[in-house]
Amino acid sequence: NKTMAERITPTQLWRLAEIASNETGLDVWVNNAPHYGGWVVTINKGSTIIMQRDTPKACKAFLNGISFGIYSQLKKAAA
């Protein structure tokens with residue numbers, strides 16, 4: 001069993017999606033449907049899937065990857 005500190009909550013994923021939206025200028029959304037396989041990440045008001053349904057851990061890693069990619073590009077541009 002995971003402790004509360006280790007558990008990835010919907011609020012955490014929604015916040016990471018909001019950050020990714022602000023960083024990219026895209027409308028990044030997350031949606032959970034356990035009966036379809038978990039969390040999905042979309043853009044364009046849900047019409048374009050950018051990450052297929054997966055676990056909360058995979059969703060968190062994907063959203064963090066968006067932020068890291070933006071950070072990396074900005075660092076490269078500033079160098």
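Colleague: Is Thr42 buried or exposed?
Modeller: This is a predicted model, and the values are computed from it. Thr42 sits in strand S2, which covers residues 38–43. Its relative accessibility is 9%, and the limit for a buried residue is under 20%, so Thr42 counts as buried.

Colleague: Which residues does Thr42 touch, not counting those up to four places away in sequence?
Modeller: Contact here means heavy atoms within 4.5 Å. With residues up to four places away in sequence not counted, Thr42 touches Asp27, Val28, Trp29, Thr48, Ile49 and Ile50.

Colleague: What separation do the C-alpha atoms of Thr48 and Asn32 have?
Modeller: Thr48 and Asn32 are 16 residues apart along the chain. Their C-alpha atoms are separated by 15 Å.

Colleague: How many salt bridges are there, and which side chains meet in a salt bridge?
Modeller: The rule asks for a side-chain nitrogen of Lys or Arg within 4 Å of a carboxyl oxygen of Asp or Glu. By this rule the count is one salt bridge. The N to O distance is 2.9 Å, and the side chains that meet are those of Arg15 and Glu18.

Colleague: What separates Arg15 and Glu18 in helix H1, and are they buried or partly exposed?
Modeller: Arg15 has 44% relative accessibility and so counts as partly exposed. Glu18, at 42%, also counts as partly exposed. Because the two are three residues apart in helix H1, Arg15 and Glu18 are separated by about one helical turn.

Colleague: Are helices H1 and H2 roughly parallel or roughly antiparallel?
Modeller: The axes of H1 (residues 10–24) and H2 (residues 56–78) come within 10 Å and cross at roughly 25°. Angles under 35 degrees count as roughly parallel, so H1 is roughly parallel to H2.

Colleague: Is the crossing of H1 and H2 left-handed or right-handed, and what is the contact made of by class?
Modeller: The crossing is left-handed. From H1, the residues that meet H2 include Leu13, Leu16 and Ile19, and those of H2 include Leu63, Ile66 and Ile70. By class, the contact has 10 nonpolar, three polar and two charged residues.

Technical notes
Residues are numbered from 1 along each chain as its sequence is written. This is a predicted model: local features need pLDDT of at least 70, side-chain atom pairs count only at pLDDT 80 or more; totals for chains, interfaces and linings use all residues. Side-chain values use heavy atoms; hydrogens and water are left out. Axes are lines fitted to C-alpha atoms, for helices over the stretch in contact, and angles run from 0 to 180 degrees between N-to-C directions. Helices (H or I, at least four residues) and strands (E, at least two) are DSSP runs, numbered from the N terminus. Angles under 35 degrees count as roughly parallel, over 145 as roughly antiparallel, 65 to 115 as roughly perpendicular and the rest as oblique. A crossing is left-handed if the near helix is turned anticlockwise from the far one by less than a right angle, and right-handed if clockwise. Ala, Val, Leu, Ile, Met, Phe, Trp, Tyr, Cys and Pro count as nonpolar, Asp, Glu, Lys and Arg as charged, and the others, Gly among them, as polar. Buried means under 20% relative accessible area, exposed over 50%, partly exposed in between (1.4 Å probe, protein chains only).
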